[in-house]
Amino acid sequence: MRTPSVGLRAIVVIDNTAAGPAIGGARMAPDVSALECFRLARAMTLKNATCGLRHGGAKSVIFGDPGMPADQKEELIRAFANAIAPLENYIPGPDMGTDETAMGFVHDEIGRAVGLPAEIGGIPLDQIGATGYGVAIAAEVAAPFAGLTLEGARVVLQGFGAVGEHTARFLELKGARLVGVADITGAVTDPEGLDIDALARLKKAGRSVVEYPRGRTIPNDSLVAVPCDIWIPAARPDALRADNVGRLNCRLVVQGANVPVTHDAARVMHERGLISVPDFIANAGGVIAAAVEYDGGVKATAMAAIEEKVGGNTRLTLQHARERKISPLEAAMALATDRLTKIMQLRRWR
């Protein structure tokens, strides 16, 4: 779709609507692609089905720099909203490069969005850290499967945006300590632990984690080898691939981003005996909260639902993987496709 007057270029993929209208974030970045959008939409279908939500999966990507001037971004978001108005089976939410304010603009234009500002009755997913809370719950449930406890566990985070920061905070409350973190500029490590508040202040000021005054600065591609107990990709797709997964020095991977691990990398991790919680199991907190908001629920209901659904699905996935001697990805796919197949059989035209 194109709106020449404002330079809008965007892609929407509605993957499945068997369970109901599809929920999926609207991502803004200069280098998004159709393939990325298709992969993310399928991940949303699997995520929503696994969580038993009355929603299908979709995704949208907007080509643009999310750091553009606020008035230009508002104009672009409003143009995007009007372009998707006829796609009544798609409910957008916040994603990388967009937030509750952007969703407020979308809702103002077409009356259809989730992750809205609290002032208009929404559950602001980024502010409350819905996805990060779910990732922390997944880590807590998965830890014993990897022979770990969160008390004293060393955590490395790739990405310190809305998901990464909240994940770090929730894990710290559970006794873990952050020993490595990266953003698009570079990475910083400190085996004694990083100050999350100091990192957050840097990011809020528009600066990079590499400006953290203590610790050791390393290149982004070296973060994968930092010794830790739990490694969490919370940025862009394909963070772990066949060419770098062998450098992991951890016991547990919890996938905070969408599609951050290639199938080859997932196979290698399983062969090495590393426990990995798949993305559509671990990072479902945001869409669970979005679904609660869509049904008129409140923050407390959303957080309880995240704990129940993400925690339960993580435990079920890892138990099935262990009992059947298959990878967690295979176990999660079996769980998701079984539930999705049952949903689709309820439809009249199937």
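Visitor: Which residue stands opposite I230 in β10?

Guide: This is a predicted model, and in it V155 is the residue that stands opposite I230 in β10. On strand β11, I230 has L252 opposite.

Visitor: How do β6 and β10 pair, and over how many bridges?

Guide: Strand β6, residues 154–158, and strand β10, residues 230–233, pair in the parallel sense, and four bridges hold that pairing. Another position to look at is L157, whose bridge partner in β10 is I232.

Visitor: And how many bridges join β10 to β11?

Guide: Two bridges join β10 to strand β11, residues 252–254, and these strands run parallel.

Visitor: Which way do the β10 residues point, and are they buried or exposed?

Guide: I230 and I232 point one way from β10, while W231 and P233 point the other way, and all of them are buried.

Visitor: What is the strand order in the open sheet?

Guide: The open sheet has seven strands in the order β9-β8-β7-β6-β10-β11-β12, and its pairing is mixed. At the edges stand β9 (216–218) and β12 (275–277), each of which has a single partner strand, so one side of each is left without a neighbour in the sheet. On average, neighbouring strands of this sheet are turned by 20° against each other, with direction ignored.

Visitor: Changing topic to the backbone, what is phi at D238?

Guide: D238 has a positive phi of about 60°, although it is not a glycine. For context, most residues other than glycine have a negative phi. D238 is placed in the loop between β10 and β11, and with 24% relative accessibility it counts as partly exposed.

Visitor: What about phi of V259, and where does that residue lie?

Guide: Phi of V259 is also a positive value in a residue other than glycine, near 40°, and V259 lies in the loop between β11 and α8. V259 has a relative accessible area of 13%, so it is buried, the cut-off being under 20%.

Visitor: Where is D95, and is it buried or exposed?

Guide: D95 is in the loop between β5 (90–94) and α3 (100–110), and it is buried, with a relative accessible area of 15%. Leaving aside neighbours within four places in sequence, D95 is in contact with G25, A26, R27, K59 and N258. The C-alpha atoms of D95 and A332 are separated by 23 Å, and these residues are 237 residues apart along the chain.

Visitor: Let's turn to pockets: what volume does the second largest pocket have?

Guide: Its volume is about 440 Å³. There are 26 residues lining the second largest pocket, and the closest to its centre are H263, D279, F280, L329 and M333. The elements that give two or more residues to this lining are β2 (8–16), α1 (34–50), α8 (263–272), α9 (279–282) and α12 (328–344).

Visitor: How many residues of each class are in that lining?

Guide: The lining of the second largest pocket has 13 nonpolar, nine polar and four charged residues.

Visitor: Last one: which helix is T314 found in, and what does it touch?

Guide: T314 is found in helix α11, residues 299–324, where it is buried with a relative accessible area of 0%. Not counting residues up to four places away in sequence, T314 touches A138, V141, A142, V277 and I281.

Key: Residues numbered from 1 in each chain as written. Predicted model: local features only at pLDDT ≥ 70, side-chain atom pairs only at ≥ 80, totals over all residues. Heavy atoms only, no water. Buried < 20%, exposed > 50% of the residue type's maximum accessible area, 1.4 Å probe, protein only. Contact = heavy atoms within 4.5 Å. 1 Å grid on protein atoms, 1.4 Å probe; cavity = no way out; pocket = protein on both sides within 12 Å on 5 of 7 lines; lining within 4 Å. Points joined across faces, edges and corners; volume = space filled by probe spheres on them. Nonpolar A, V, L, I, M, F, W, Y, C, P; charged D, E, K, R; others polar. Pairing = 2+ DSSP bridges. Axes fitted to C-alpha atoms, helices over the stretch in contact; angles between N-to-C directions.
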